[in-house]
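Here's a quick briefing on a pocket, a helix and a single side chain. Have the model open while you read.

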Amino acid sequence: MDNPLEQAAPEEPIARVHAFARDLAWGAAQGLWGPGFRVARYAGGEMWLSLSASSSREDQTNLHTLRIDKWQGEFPESDMLQSFGYFEPNDSVRPVQYQPAYLLTQKAFALIDEKTSAVSLKVFISHKQDESSEFASLIEAQLEAVIPGIHVFVDKDIRAGDVWLERIEQEIRNSDVFICLFGPTTPESQMVQMEVQWAMENLNCRIVPIWHHGYTGDSYPPELNEFQRIEVPKENAEGYSTALQRLFFSLGRT
């Protein structure tokens with residue numbers, strides 16, 4: 001691929017996360033720096049420190065401030081890169097307070113083979129059709145209108161001839177974000193139960209439960225309790241708008 005460091009940085013927050021992960025992986029593959037990083041956190045933000053490509057062990061002689069002109073020092077937050085599966089903790093280096101160490105993942109290096117225009121956010125919307133299909137369609141339309149290059153999958157996208165169960169599992173395992181809509185009878189759906197399980201097995205996927213239609217948590221899957229949920233305060237246009245704003249915020253879009 002062409003040198004991505006010579007291309008302009010995108011403006012959309014989620015696209016910036018993908019593009020920066022690709023830049024880090026490309027630079028590591030070219031020997032400009034190693035695959036390991038420290039992120040020094042302070043009140044004003046973060047300073048990125050890279051390990052040299054010549055050594056996988058950290059010492060003060062191979063640690064230097066990461067400089068990529070296209071980003072002008074305004075890098076996406078390290079927590080966002082870890083959330084999207086581009087970073088994993090680097091346990092091979094000495095721990096330092098307020099300076100977590102990370103390693104680029106295979107998912108980050110896979111971005112090198114993708115065209116810049118193909119960098120996108122992959123979202124799966126899980127729902128019980130007779131209860132949440134209209135809400136799912138609303139979320140799909142709003143996400144596609146706000147986030148360029150996004151790929152949103154709902155079950156209406158299954159084509160004739162698809163092995164539908166395998167297709168759904170594949171989409172969930174390849175997704176960056178799993179949105180699960182819960183109404184009062186949603187927990188009864190065996191399909192939703194399977195989809196939640198597949199999402200839990202995708203460690204690189206951000207899970208966002210959304211409660212609506214007055215759902216109060218009856219028979220809620222206990223494995224989802226660890227994830228911050230969004231609730232529709234009222235079943236009207238204002239209530240759904242409020243929930244969508246919270247969803248955009250959770251995806252880094254304000």
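The lining of the largest pocket splits into nine nonpolar, four polar and four charged residues (nonpolar is Ala, Val, Leu, Ile, Met, Phe, Trp, Tyr, Cys and Pro; charged is Asp, Glu, Lys and Arg; the others, Gly among them, are polar). Bear in mind that this is a predicted model, where local features need pLDDT of at least 70, side-chain atom pairs count only at pLDDT 80 or more, and totals for chains, interfaces and linings use all residues. Numbering runs from 1 along each chain as its sequence is written, and side-chain values use heavy atoms, with hydrogens and water left out.

**Pocket**
- Of the 17 lining residues, Arg-206, Ile-207, Val-208, Phe-227 and Gln-228 sit nearest the centre of the largest pocket.
- Helix H6 (190–201), strand S9 (206–211) and helix H7 (237–250) each give the lining at least two residues (helices are DSSP runs of H or I, at least four residues; strands are E, at least two; both numbered from the N terminus).

**Helix H4**
- A kink of about 25° in H4 is centred on Phe-135 (the bend is the angle between axes fitted to the seven residues ending there and the seven starting there).
- Phe-135 is also among the buried residues of H4, which include Glu-131 and Glu-140 (buried is under 20% relative accessible area, exposed over 50%, partly exposed in between, with a 1.4 Å probe and protein chains only).
- Cover for those buried residues includes strands S6 (122–126), S7 (151–153) and S8 (177–182), plus S9 and H7.

**Asp-79**
- Asp-79 lies in helix H2 (residues 78–83).
- With a relative accessible area of 41%, Asp-79 counts as partly exposed.

Definitions and conventions. 1 Å grid on protein atoms, 1.4 Å probe; cavity = no way out; pocket = protein on both sides within 12 Å on 5 of 7 lines; lining within 4 Å. Contact = heavy atoms within 4.5 Å.
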